[in-house]
Amino acid sequence: MQTSAQRNASASQCVLITGGPDGFGLELVRHYHGIAFQVITTGRRAIDQLPDEIPEGVIYVQANQTDLANVNAILDAVDGHAGGRLDIAILNAGTGFTTKDLAENDDELNATLVANLDFTIALSHGLYSRLYGVEDGAAHMGKLALIGSVAYKGADNFPTYAATKAGLHGLARALREEWRGRIDVKIIHPGPTRTSMHEKANLDVSNINWAFLKPEWMAKNIVATIDGGRSQVRLSHGSWMVSKTMSPVKFLRKSSS
Amino acid sequence: MKGPMSTGAGGRALVTGAGAGLGAAMVEWLVQHQWQIVAVDRDGLALDALVEKHGAAVIPLLCDLSSIDDVSKLNSCATADSERFDLVAHNAGISATGKFEEIGQEAHQRLLAVNTHAPIRITNALLKAGSLNHDACLLFVSSLSQAVGYPGAASYAASKDAIASYGASLGKKLKKHGVHVSVAFPGPLRTDHAARHAPAGADASKRMTPDIAASKILMAARNKKTKIYPGGAAKVAGFAGKLAPGLMAKMMRRVIYDKLDKQVAD
(Lines give C-alpha, C1' and ligand atoms only; values in the text may rest on other atoms or scores of the structure.)
Protein backbone atom coordinates (compact mmCIF):
# COMPACT_ATOMS: atom_id res chain seq x y z
CA MET A 1 0.00 0.00 0.00
CA GLN A 2 1.18 3.49 -0.81
CA THR A 3 -0.44 6.65 0.40
CA SER A 4 -0.02 10.22 -0.69
CA ALA A 5 -1.31 11.87 2.42
CA GLN A 6 -2.56 11.26 5.90
CA ARG A 7 -6.13 11.59 7.08
CA ASN A 8 -7.70 14.98 6.60
CA ALA A 9 -8.66 15.69 10.20
CA SER A 10 -11.33 18.20 9.27
CA ALA A 11 -13.21 15.75 7.05
CA SER A 12 -16.48 14.62 8.58
CA GLN A 13 -17.37 11.94 6.04
CA CYS A 14 -15.34 9.38 4.15
CA VAL A 15 -15.78 7.87 0.70
CA LEU A 16 -13.96 4.97 -0.95
CA ILE A 17 -13.80 5.12 -4.74
CA THR A 18 -12.07 2.24 -6.50
CA GLY A 19 -10.62 3.03 -9.92
CA GLY A 20 -10.11 6.71 -9.13
CA PRO A 21 -7.19 7.75 -11.35
CA ASP A 22 -9.15 7.81 -14.59
CA GLY A 23 -12.47 8.51 -16.30
CA PHE A 24 -15.51 9.21 -14.17
CA GLY A 25 -13.71 7.64 -11.21
CA LEU A 26 -11.40 10.66 -11.29
CA GLU A 27 -14.36 13.01 -11.56
CA LEU A 28 -15.95 11.32 -8.55
CA VAL A 29 -12.73 11.74 -6.58
CA ARG A 30 -12.66 15.45 -7.43
CA HIS A 31 -16.33 15.89 -6.60
CA TYR A 32 -16.20 14.31 -3.15
CA HIS A 33 -12.92 16.01 -2.30
CA GLY A 34 -14.54 19.29 -3.32
CA ILE A 35 -17.35 18.85 -0.80
CA ALA A 36 -14.92 18.08 2.04
CA PHE A 37 -15.12 14.30 2.11
CA GLN A 38 -12.08 12.30 3.14
CA VAL A 39 -11.41 10.44 -0.13
CA ILE A 40 -9.67 7.07 -0.39
CA THR A 41 -9.15 5.86 -3.91
CA THR A 42 -7.46 2.91 -5.57
CA GLY A 43 -5.93 2.02 -8.89
CA ARG A 44 -3.45 -0.20 -10.67
CA ARG A 45 -0.82 2.41 -11.40
CA ALA A 46 2.06 3.38 -9.14
CA ILE A 47 1.64 6.52 -7.07
CA ASP A 48 4.23 8.44 -9.12
CA GLN A 49 2.13 7.83 -12.24
CA LEU A 50 -1.04 9.37 -10.90
CA PRO A 51 -2.56 12.24 -12.89
CA ASP A 52 -2.06 15.75 -11.56
CA GLU A 53 -5.84 16.16 -11.39
CA ILE A 54 -6.00 14.02 -8.24
CA PRO A 55 -6.30 16.61 -5.47
CA GLU A 56 -3.78 16.94 -2.67
CA GLY A 57 -4.96 15.09 0.43
CA VAL A 58 -6.60 12.20 -1.35
CA ILE A 59 -5.41 8.84 -0.05
CA TYR A 60 -4.28 6.48 -2.79
CA VAL A 61 -3.92 2.70 -2.51
CA GLN A 62 -2.17 0.88 -5.32
CA ALA A 63 -4.32 -2.23 -5.70
CA ASN A 64 -4.47 -4.35 -8.81
CA GLN A 65 -7.84 -6.10 -8.62
CA THR A 66 -6.63 -9.20 -10.40
CA ASP A 67 -4.98 -10.11 -7.08
CA LEU A 68 -7.51 -10.81 -4.31
CA ALA A 69 -4.82 -10.20 -1.69
CA ASN A 70 -5.23 -6.51 -2.44
CA VAL A 71 -8.69 -6.52 -0.82
CA ASN A 72 -6.92 -6.39 2.52
CA ALA A 73 -4.72 -3.50 1.37
CA ILE A 74 -7.86 -1.44 0.72
CA LEU A 75 -9.53 -2.48 3.98
CA ASP A 76 -6.32 -1.63 5.86
CA ALA A 77 -6.38 1.84 4.30
CA VAL A 78 -9.99 2.35 5.38
CA ASP A 79 -9.10 1.24 8.89
CA GLY A 80 -5.90 3.24 9.05
CA HIS A 81 -7.11 6.49 7.53
CA ALA A 82 -10.84 6.56 8.23
CA GLY A 83 -11.01 4.79 11.56
CA GLY A 84 -12.64 1.79 9.92
CA ARG A 85 -15.77 3.76 9.10
CA LEU A 86 -17.01 4.63 5.64
CA ASP A 87 -20.01 6.68 4.59
CA ILE A 88 -19.95 5.78 0.91
CA ALA A 89 -18.18 3.06 -1.08
CA ILE A 90 -18.25 3.30 -4.87
CA LEU A 91 -16.84 0.12 -6.39
CA ASN A 92 -16.00 1.33 -9.85
CA ALA A 93 -12.70 -0.32 -10.76
CA GLY A 94 -12.77 -3.03 -13.37
CA THR A 95 -11.29 -4.25 -16.56
CA GLY A 96 -12.58 -5.56 -19.86
CA PHE A 97 -11.37 -6.77 -23.24
CA THR A 98 -13.14 -7.03 -26.55
CA THR A 99 -12.58 -9.60 -29.21
CA LYS A 100 -14.08 -10.34 -32.60
CA ASP A 101 -12.71 -13.89 -32.40
CA LEU A 102 -14.91 -16.79 -31.42
CA ALA A 103 -12.94 -17.39 -28.22
CA GLU A 104 -11.49 -14.91 -25.75
CA ASN A 105 -7.87 -14.71 -24.68
CA ASP A 106 -7.51 -16.88 -21.56
CA ASP A 107 -5.44 -14.38 -19.57
CA GLU A 108 -7.82 -11.52 -20.37
CA LEU A 109 -10.81 -13.68 -19.54
CA ASN A 110 -9.34 -14.66 -16.16
CA ALA A 111 -8.36 -11.08 -15.34
CA THR A 112 -11.87 -9.86 -16.12
CA LEU A 113 -13.53 -12.51 -13.94
CA VAL A 114 -11.29 -11.87 -10.97
CA ALA A 115 -11.01 -8.08 -11.16
CA ASN A 116 -14.66 -7.32 -11.87
CA LEU A 117 -16.56 -10.03 -10.07
CA ASP A 118 -14.49 -11.90 -7.48
CA PHE A 119 -12.70 -8.82 -6.19
CA THR A 120 -15.85 -6.70 -5.97
CA ILE A 121 -17.67 -9.45 -4.07
CA ALA A 122 -14.72 -9.93 -1.71
CA LEU A 123 -14.42 -6.18 -1.14
CA SER A 124 -18.17 -5.78 -0.54
CA HIS A 125 -17.92 -8.60 1.99
CA GLY A 126 -15.07 -6.87 3.80
CA LEU A 127 -16.71 -3.44 3.69
CA TYR A 128 -19.88 -4.53 5.51
CA SER A 129 -18.51 -3.79 8.96
CA ARG A 130 -17.02 -0.49 7.72
CA LEU A 131 -20.32 0.70 6.22
CA TYR A 132 -22.55 -0.38 9.07
CA GLY A 133 -22.15 -0.36 12.81
CA VAL A 134 -23.73 0.70 16.05
CA GLU A 135 -21.77 2.90 18.44
CA ASP A 136 -23.17 4.25 21.70
CA GLY A 137 -26.66 3.25 20.61
CA ALA A 138 -26.43 5.16 17.32
CA ALA A 139 -26.37 3.31 14.04
CA HIS A 140 -23.91 4.25 11.33
CA MET A 141 -25.52 3.42 7.98
CA GLY A 142 -23.43 3.83 4.85
CA LYS A 143 -24.04 3.48 1.14
CA LEU A 144 -22.61 0.96 -1.30
CA ALA A 145 -22.74 1.70 -5.02
CA LEU A 146 -21.63 -0.99 -7.47
CA ILE A 147 -20.74 0.24 -10.94
CA GLY A 148 -22.00 -2.14 -13.61
CA SER A 149 -22.41 -1.48 -17.30
CA VAL A 150 -25.26 -1.17 -19.78
CA ALA A 151 -23.70 -4.27 -21.37
CA TYR A 152 -24.80 -6.42 -18.42
CA LYS A 153 -27.60 -8.12 -20.35
CA GLY A 154 -25.16 -9.46 -22.91
CA ALA A 155 -22.63 -8.19 -25.46
CA ASP A 156 -21.26 -10.42 -28.21
CA ASN A 157 -17.83 -8.79 -28.44
CA PHE A 158 -17.10 -8.94 -24.71
CA PRO A 159 -19.14 -11.78 -23.20
CA THR A 160 -17.08 -12.26 -20.05
CA TYR A 161 -17.07 -8.53 -19.27
CA ALA A 162 -20.86 -8.44 -19.68
CA ALA A 163 -21.16 -11.52 -17.46
CA THR A 164 -19.19 -9.93 -14.64
CA LYS A 165 -21.33 -6.81 -14.76
CA ALA A 166 -24.50 -8.94 -14.71
CA GLY A 167 -23.01 -10.66 -11.68
CA LEU A 168 -22.75 -7.33 -9.90
CA HIS A 169 -26.37 -6.63 -10.81
CA GLY A 170 -27.50 -9.88 -9.17
CA LEU A 171 -25.29 -9.23 -6.15
CA ALA A 172 -26.64 -5.70 -5.64
CA ARG A 173 -30.26 -6.77 -5.94
CA ALA A 174 -29.79 -9.47 -3.29
CA LEU A 175 -27.69 -7.31 -0.95
CA ARG A 176 -30.13 -4.40 -1.19
CA GLU A 177 -32.73 -6.60 0.48
CA GLU A 178 -30.33 -8.36 2.84
CA TRP A 179 -28.88 -5.07 4.09
CA ARG A 180 -32.08 -3.01 3.98
CA GLY A 181 -32.13 -0.64 6.95
CA ARG A 182 -28.36 -0.98 7.43
CA ILE A 183 -26.60 -0.19 4.14
CA ASP A 184 -28.18 1.43 1.08
CA VAL A 185 -27.07 -0.72 -1.87
CA LYS A 186 -27.35 0.46 -5.48
CA ILE A 187 -26.30 -0.81 -8.87
CA ILE A 188 -25.51 1.82 -11.49
CA HIS A 189 -25.02 0.86 -15.13
CA PRO A 190 -23.11 3.55 -17.03
CA GLY A 191 -23.27 3.74 -20.79
CA PRO A 192 -20.28 4.36 -23.09
CA THR A 193 -18.14 7.07 -21.51
CA ARG A 194 -14.97 8.82 -22.66
CA THR A 195 -12.37 6.96 -20.63
CA SER A 196 -9.11 5.19 -21.35
CA MET A 197 -10.83 1.86 -20.75
CA HIS A 198 -11.61 1.39 -24.43
CA GLU A 199 -7.96 1.70 -25.29
CA LYS A 200 -7.07 -0.81 -22.56
CA ALA A 201 -9.81 -3.10 -23.91
CA ASN A 202 -8.24 -3.27 -27.40
CA LEU A 203 -11.03 -1.11 -28.79
CA ASP A 204 -10.28 1.76 -31.15
CA VAL A 205 -13.04 4.31 -30.66
CA SER A 206 -11.14 7.37 -31.87
CA ASN A 207 -13.58 7.88 -34.75
CA ILE A 208 -16.66 7.84 -32.53
CA ASN A 209 -15.26 9.24 -29.30
CA TRP A 210 -17.45 12.31 -29.77
CA ALA A 211 -20.52 10.14 -29.27
CA PHE A 212 -19.40 8.94 -25.85
CA LEU A 213 -20.73 10.52 -22.67
CA LYS A 214 -18.50 12.91 -20.79
CA PRO A 215 -16.97 11.61 -17.52
CA GLU A 216 -18.11 14.81 -15.78
CA TRP A 217 -21.75 14.16 -16.73
CA MET A 218 -21.48 10.53 -15.69
CA ALA A 219 -19.92 11.38 -12.31
CA LYS A 220 -22.56 14.02 -11.61
CA ASN A 221 -25.34 11.54 -12.28
CA ILE A 222 -23.69 8.78 -10.28
CA VAL A 223 -23.55 11.15 -7.31
CA ALA A 224 -27.22 12.08 -7.85
CA THR A 225 -28.13 8.37 -7.97
CA ILE A 226 -26.25 7.62 -4.77
CA ASP A 227 -28.06 10.51 -3.05
CA GLY A 228 -31.42 9.56 -4.59
CA GLY A 229 -33.93 6.81 -3.96
CA ARG A 230 -33.59 4.55 -6.99
CA SER A 231 -31.74 1.29 -6.50
CA GLN A 232 -31.09 0.28 -10.14
CA VAL A 233 -30.15 2.95 -12.64
CA ARG A 234 -28.93 2.96 -16.23
CA LEU A 235 -27.01 6.08 -17.18
CA SER A 236 -26.75 6.18 -20.92
CA HIS A 237 -27.63 8.34 -23.88
CA GLY A 238 -31.33 8.02 -23.07
CA SER A 239 -30.90 9.56 -19.63
CA TRP A 240 -28.51 12.14 -21.12
CA MET A 241 -31.20 13.19 -23.62
CA VAL A 242 -33.79 13.38 -20.83
CA SER A 243 -31.46 15.56 -18.76
CA LYS A 244 -30.85 17.86 -21.73
CA THR A 245 -34.58 18.01 -22.51
CA MET A 246 -35.40 18.77 -18.90
CA SER A 247 -32.76 21.49 -18.49
CA PRO A 248 -34.86 24.26 -20.17
CA VAL A 249 -37.88 23.15 -18.14
CA LYS A 250 -35.90 23.36 -14.90
CA PHE A 251 -34.54 26.77 -15.96
CA LEU A 252 -38.05 28.08 -16.67
CA ARG A 253 -39.32 26.70 -13.34
CA LYS A 254 -36.47 28.40 -11.50
CA SER A 255 -37.04 31.64 -13.38
CA SER A 256 -40.74 31.71 -12.63
CA SER A 257 -40.37 30.90 -8.94
CA MET B 1 -28.34 -30.48 -31.69
CA LYS B 2 -31.51 -30.78 -33.76
CA GLY B 3 -30.23 -33.54 -35.98
CA PRO B 4 -29.05 -36.24 -33.58
CA MET B 5 -31.71 -35.61 -30.97
CA SER B 6 -34.60 -35.42 -33.39
CA THR B 7 -33.62 -38.54 -35.26
CA GLY B 8 -32.91 -40.45 -32.08
CA ALA B 9 -29.57 -41.48 -33.53
CA GLY B 10 -27.87 -39.95 -30.54
CA GLY B 11 -25.19 -37.36 -30.26
CA ARG B 12 -22.27 -36.63 -27.97
CA ALA B 13 -22.86 -34.58 -24.85
CA LEU B 14 -20.85 -33.18 -21.98
CA VAL B 15 -22.84 -32.72 -18.77
CA THR B 16 -21.33 -31.14 -15.66
CA GLY B 17 -22.69 -31.93 -12.22
CA ALA B 18 -23.87 -35.21 -13.70
CA GLY B 19 -23.74 -37.20 -10.47
CA ALA B 20 -26.94 -36.02 -8.84
CA GLY B 21 -30.11 -33.96 -9.13
CA LEU B 22 -30.81 -32.24 -12.43
CA GLY B 23 -27.51 -33.40 -13.96
CA ALA B 24 -28.22 -37.08 -13.28
CA ALA B 25 -31.73 -36.62 -14.68
CA MET B 26 -30.26 -35.04 -17.82
CA VAL B 27 -27.95 -38.03 -18.24
CA GLU B 28 -30.92 -40.35 -17.82
CA TRP B 29 -32.93 -38.47 -20.49
CA LEU B 30 -30.00 -38.38 -22.89
CA VAL B 31 -29.26 -42.10 -22.48
CA GLN B 32 -32.89 -42.86 -23.22
CA HIS B 33 -32.48 -40.84 -26.43
CA GLN B 34 -29.33 -42.80 -27.38
CA TRP B 35 -26.73 -40.19 -26.60
CA GLN B 36 -23.20 -40.77 -25.44
CA ILE B 37 -22.39 -38.61 -22.42
CA VAL B 38 -19.14 -37.40 -20.93
CA ALA B 39 -20.35 -37.10 -17.34
CA VAL B 40 -18.42 -34.64 -15.16
CA ASP B 41 -18.67 -34.65 -11.38
CA ARG B 42 -16.49 -34.29 -8.29
CA ASP B 43 -18.18 -37.31 -6.68
CA GLY B 44 -16.43 -40.47 -7.86
CA LEU B 45 -19.00 -42.78 -6.28
CA ALA B 46 -21.84 -40.98 -8.07
CA LEU B 47 -19.99 -41.38 -11.37
CA ASP B 48 -19.45 -45.09 -10.67
CA ALA B 49 -23.19 -45.44 -10.08
CA LEU B 50 -23.93 -43.71 -13.39
CA VAL B 51 -21.61 -46.08 -15.27
CA GLU B 52 -23.11 -49.08 -13.50
CA LYS B 53 -26.59 -47.96 -14.47
CA HIS B 54 -25.99 -46.78 -18.01
CA GLY B 55 -22.92 -48.74 -19.10
CA ALA B 56 -20.87 -47.54 -22.06
CA ALA B 57 -23.21 -44.66 -22.78
CA VAL B 58 -21.55 -42.78 -19.94
CA ILE B 59 -17.89 -41.78 -19.92
CA PRO B 60 -17.06 -40.62 -16.38
CA LEU B 61 -14.76 -37.68 -15.82
CA LEU B 62 -13.85 -36.95 -12.22
CA CYS B 63 -13.37 -33.21 -11.83
CA ASP B 64 -13.74 -30.66 -9.07
CA LEU B 65 -14.83 -27.52 -10.92
CA SER B 66 -13.66 -25.29 -8.07
CA SER B 67 -10.08 -26.31 -8.91
CA ILE B 68 -8.34 -24.38 -11.70
CA ASP B 69 -6.07 -27.38 -12.32
CA ASP B 70 -9.01 -29.77 -12.60
CA VAL B 71 -10.81 -27.46 -15.05
CA SER B 72 -7.62 -27.23 -17.13
CA LYS B 73 -7.40 -31.05 -17.19
CA LEU B 74 -11.06 -31.28 -18.17
CA ASN B 75 -10.43 -28.81 -21.00
CA SER B 76 -7.47 -30.85 -22.19
CA CYS B 77 -9.53 -34.06 -22.19
CA ALA B 78 -12.57 -32.48 -23.83
CA THR B 79 -10.62 -30.82 -26.61
CA ALA B 80 -8.01 -33.54 -27.27
CA ASP B 81 -10.55 -35.95 -28.66
CA SER B 82 -11.23 -35.74 -32.39
CA GLU B 83 -14.92 -36.29 -31.65
CA ARG B 84 -16.83 -33.08 -31.13
CA PHE B 85 -19.81 -32.34 -28.92
CA ASP B 86 -23.42 -31.83 -29.96
CA LEU B 87 -24.49 -30.66 -26.52
CA VAL B 88 -22.64 -29.10 -23.61
CA ALA B 89 -24.83 -28.74 -20.52
CA HIS B 90 -23.27 -26.49 -17.89
CA ASN B 91 -25.38 -27.73 -15.03
CA ALA B 92 -22.99 -28.00 -12.06
CA GLY B 93 -23.63 -25.49 -9.34
CA ILE B 94 -23.15 -25.00 -5.62
CA SER B 95 -24.74 -22.49 -3.30
CA ALA B 96 -23.99 -20.51 -0.17
CA THR B 97 -27.08 -19.55 1.79
CA GLY B 98 -27.16 -17.34 4.84
CA LYS B 99 -26.19 -13.76 5.61
CA PHE B 100 -23.71 -12.64 2.96
CA GLU B 101 -21.39 -10.98 5.46
CA GLU B 102 -21.34 -14.02 7.75
CA ILE B 103 -20.59 -16.60 5.08
CA GLY B 104 -16.83 -17.09 4.78
CA GLN B 105 -15.06 -15.37 1.90
CA GLU B 106 -13.63 -18.72 0.78
CA ALA B 107 -17.14 -20.12 0.32
CA HIS B 108 -18.16 -17.17 -1.86
CA GLN B 109 -15.03 -17.54 -4.01
CA ARG B 110 -15.45 -21.30 -4.35
CA LEU B 111 -19.03 -20.77 -5.47
CA LEU B 112 -17.94 -18.28 -8.12
CA ALA B 113 -15.29 -20.70 -9.35
CA VAL B 114 -17.82 -23.52 -9.85
CA ASN B 115 -20.86 -21.57 -11.02
CA THR B 116 -19.27 -18.86 -13.17
CA HIS B 117 -15.55 -19.36 -13.86
CA ALA B 118 -15.74 -23.05 -14.79
CA PRO B 119 -18.52 -22.85 -17.41
CA ILE B 120 -16.92 -19.79 -19.00
CA ARG B 121 -13.44 -21.35 -19.07
CA ILE B 122 -14.72 -24.67 -20.40
CA THR B 123 -16.82 -22.98 -23.09
CA ASN B 124 -13.93 -20.77 -24.13
CA ALA B 125 -11.63 -23.80 -24.45
CA LEU B 126 -14.20 -25.70 -26.54
CA LEU B 127 -14.69 -22.71 -28.83
CA LYS B 128 -10.96 -22.19 -29.19
CA ALA B 129 -10.40 -25.84 -30.11
CA GLY B 130 -13.39 -26.01 -32.43
CA SER B 131 -14.84 -28.86 -30.37
CA LEU B 132 -18.50 -28.16 -31.10
CA ASN B 133 -20.29 -29.73 -34.04
CA HIS B 134 -22.38 -27.64 -36.42
CA ASP B 135 -25.88 -27.35 -34.95
CA ALA B 136 -24.54 -28.03 -31.46
CA CYS B 137 -26.21 -26.58 -28.36
CA LEU B 138 -24.54 -24.83 -25.44
CA LEU B 139 -26.86 -25.05 -22.46
CA PHE B 140 -26.26 -22.92 -19.38
CA VAL B 141 -28.27 -23.71 -16.27
CA SER B 142 -28.83 -20.39 -14.54
CA SER B 143 -31.57 -19.96 -11.94
CA LEU B 144 -34.96 -18.39 -11.47
CA SER B 145 -33.09 -16.05 -9.11
CA GLN B 146 -31.97 -14.19 -12.23
CA ALA B 147 -35.57 -12.98 -12.57
CA VAL B 148 -36.70 -12.69 -8.96
CA GLY B 149 -33.49 -11.99 -7.00
CA TYR B 150 -32.15 -14.12 -4.16
CA PRO B 151 -31.55 -12.34 -0.84
CA GLY B 152 -29.98 -14.97 1.39
CA ALA B 153 -27.77 -16.28 -1.40
CA ALA B 154 -26.22 -13.10 -2.79
CA SER B 155 -23.10 -14.62 -4.31
CA TYR B 156 -25.18 -17.44 -5.82
CA ALA B 157 -27.49 -14.83 -7.38
CA ALA B 158 -24.43 -13.02 -8.74
CA SER B 159 -23.01 -16.21 -10.23
CA LYS B 160 -26.29 -17.15 -11.93
CA ASP B 161 -26.90 -13.65 -13.32
CA ALA B 162 -23.36 -13.75 -14.69
CA ILE B 163 -23.79 -17.06 -16.48
CA ALA B 164 -27.15 -16.00 -17.94
CA SER B 165 -25.54 -12.89 -19.40
CA TYR B 166 -22.62 -14.91 -20.76
CA GLY B 167 -25.08 -17.23 -22.48
CA ALA B 168 -26.97 -14.29 -23.95
CA SER B 169 -23.72 -12.81 -25.29
CA LEU B 170 -22.62 -16.08 -26.87
CA GLY B 171 -26.08 -16.64 -28.35
CA LYS B 172 -25.66 -13.54 -30.46
CA LYS B 173 -22.09 -14.37 -31.34
CA LEU B 174 -22.43 -18.07 -32.21
CA LYS B 175 -25.68 -17.99 -34.14
CA LYS B 176 -23.90 -17.34 -37.41
CA HIS B 177 -21.49 -20.20 -36.64
CA GLY B 178 -24.28 -22.75 -36.36
CA VAL B 179 -24.15 -23.14 -32.57
CA HIS B 180 -27.27 -22.51 -30.55
CA VAL B 181 -27.20 -21.22 -26.97
CA SER B 182 -29.94 -21.86 -24.44
CA VAL B 183 -30.12 -20.56 -20.88
CA ALA B 184 -32.40 -22.36 -18.41
CA PHE B 185 -33.89 -20.65 -15.36
CA PRO B 186 -35.25 -23.43 -13.15
CA GLY B 187 -36.81 -22.72 -9.78
CA PRO B 188 -36.03 -24.89 -6.75
CA LEU B 189 -36.22 -28.59 -7.61
CA ARG B 190 -36.95 -31.62 -5.44
CA THR B 191 -33.28 -32.42 -4.87
CA ASP B 192 -31.06 -32.99 -1.84
CA HIS B 193 -29.16 -29.83 -2.78
CA ALA B 194 -32.28 -27.64 -2.71
CA ALA B 195 -33.42 -29.23 0.55
CA ARG B 196 -30.11 -28.40 2.23
CA HIS B 197 -30.36 -24.72 1.28
CA ALA B 198 -34.09 -24.18 1.84
CA PRO B 199 -35.30 -22.30 4.93
CA ALA B 200 -36.79 -24.31 7.80
CA GLY B 201 -40.31 -25.55 7.14
CA ALA B 202 -40.09 -25.17 3.36
CA ASP B 203 -42.49 -27.50 1.55
CA ALA B 204 -40.52 -29.59 -0.94
CA SER B 205 -43.56 -31.44 -2.28
CA LYS B 206 -44.51 -28.52 -4.55
CA ARG B 207 -41.11 -28.46 -6.23
CA MET B 208 -40.61 -29.88 -9.70
CA THR B 209 -38.81 -33.23 -9.82
CA PRO B 210 -35.41 -33.27 -11.56
CA ASP B 211 -36.54 -35.72 -14.24
CA ILE B 212 -39.43 -33.48 -15.33
CA ALA B 213 -37.17 -30.41 -15.26
CA ALA B 214 -34.49 -32.22 -17.29
CA SER B 215 -37.04 -33.32 -19.87
CA LYS B 216 -38.53 -29.82 -20.23
CA ILE B 217 -35.13 -28.14 -20.42
CA LEU B 218 -33.58 -30.56 -22.94
CA MET B 219 -36.65 -30.60 -25.17
CA ALA B 220 -36.77 -26.80 -25.17
CA ALA B 221 -33.03 -26.71 -25.97
CA ARG B 222 -33.68 -29.13 -28.82
CA ASN B 223 -36.29 -26.70 -30.10
CA LYS B 224 -33.67 -23.91 -29.91
CA LYS B 225 -35.38 -21.92 -27.21
CA THR B 226 -33.05 -19.17 -26.07
CA LYS B 227 -34.55 -18.77 -22.59
CA ILE B 228 -36.09 -21.74 -20.82
CA TYR B 229 -38.35 -21.38 -17.79
CA PRO B 230 -39.27 -25.01 -17.00
CA GLY B 231 -42.84 -25.27 -15.78
CA GLY B 232 -45.74 -22.90 -15.28
CA ALA B 233 -44.61 -21.63 -11.87
CA ALA B 234 -41.18 -20.68 -13.21
CA LYS B 235 -42.75 -18.91 -16.20
CA VAL B 236 -45.09 -16.88 -13.95
CA ALA B 237 -42.30 -16.03 -11.48
CA GLY B 238 -39.98 -15.11 -14.34
CA PHE B 239 -42.57 -12.80 -15.85
CA ALA B 240 -43.36 -11.21 -12.47
CA GLY B 241 -39.66 -10.67 -11.83
CA LYS B 242 -39.27 -8.76 -15.08
CA LEU B 243 -42.44 -6.76 -14.47
CA ALA B 244 -41.70 -5.77 -10.87
CA PRO B 245 -38.11 -6.70 -9.96
CA GLY B 246 -38.03 -4.68 -6.75
CA LEU B 247 -41.29 -6.11 -5.49
CA MET B 248 -40.23 -9.68 -6.25
CA ALA B 249 -36.89 -9.17 -4.48
CA LYS B 250 -38.76 -7.89 -1.41
CA MET B 251 -41.04 -10.91 -1.54
CA MET B 252 -38.02 -13.22 -1.83
CA ARG B 253 -36.60 -11.56 1.27
CA ARG B 254 -39.76 -12.36 3.23
CA VAL B 255 -40.08 -15.88 1.87
CA ILE B 256 -36.43 -16.89 2.13
CA TYR B 257 -34.02 -14.50 3.83
CA ASP B 258 -36.19 -13.70 6.85
CA LYS B 259 -36.72 -17.41 7.47
CA LEU B 260 -33.12 -18.57 7.11
CA ASP B 261 -31.93 -20.08 10.34
CA LYS B 262 -28.61 -21.51 9.21
CA GLN B 263 -25.65 -21.09 6.92
CA VAL B 264 -25.01 -23.72 4.28
CA ALA B 265 -22.19 -23.60 1.77
CA ASP B 266 -21.50 -26.42 -0.67
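**View 1. The interface of chain A and chain B.** In this predicted model, about 3,500 Å² is buried between chain A and chain B, with carbon and sulfur atoms giving 59% of that area. Buried area is the accessible area (1.4 Å probe) that two parts lose on being put together, summed over both. Chain A brings 41 residues to the contact and chain B brings 47, contact meaning heavy atoms within 4.5 Å.

View 2. Two salt bridges cross the interface of chain A and chain B; the term requires a side-chain nitrogen of Lys or Arg within 4 Å of a carboxyl oxygen of Asp or Glu. Arg182(A) and Glu101(B) form a salt bridge through their side chains, at 3.4 Å from N to O.

**View 3. Helices on the side of chain A that touches chain B.** Helix H3 (106-131) and helix H4 (159-178) of chain A each supply at least two residues of this side. Helices are DSSP runs (H or I, at least four residues), numbered from the N terminus. H4(A) gives the most, with 14 residues.

**View 4. Confidence along chain A.** The average pLDDT of chain A is 88, and 82% of its residues score at least 70; pLDDT is the predictor's confidence in each residue, from 0 to 100. Over residues 1-11 of chain A, pLDDT stays under 50, and the model has 30 contacts beyond four places in sequence for this stretch.

**Notes.** Residues are numbered from 1 along each chain as its sequence is written, and chains are lettered from A in the order in which they are written. Local features need pLDDT of at least 70 and side-chain atom pairs count only at pLDDT 80 or more, whereas totals for chains, interfaces and linings use all residues; side-chain values use heavy atoms, leaving out hydrogens and water.
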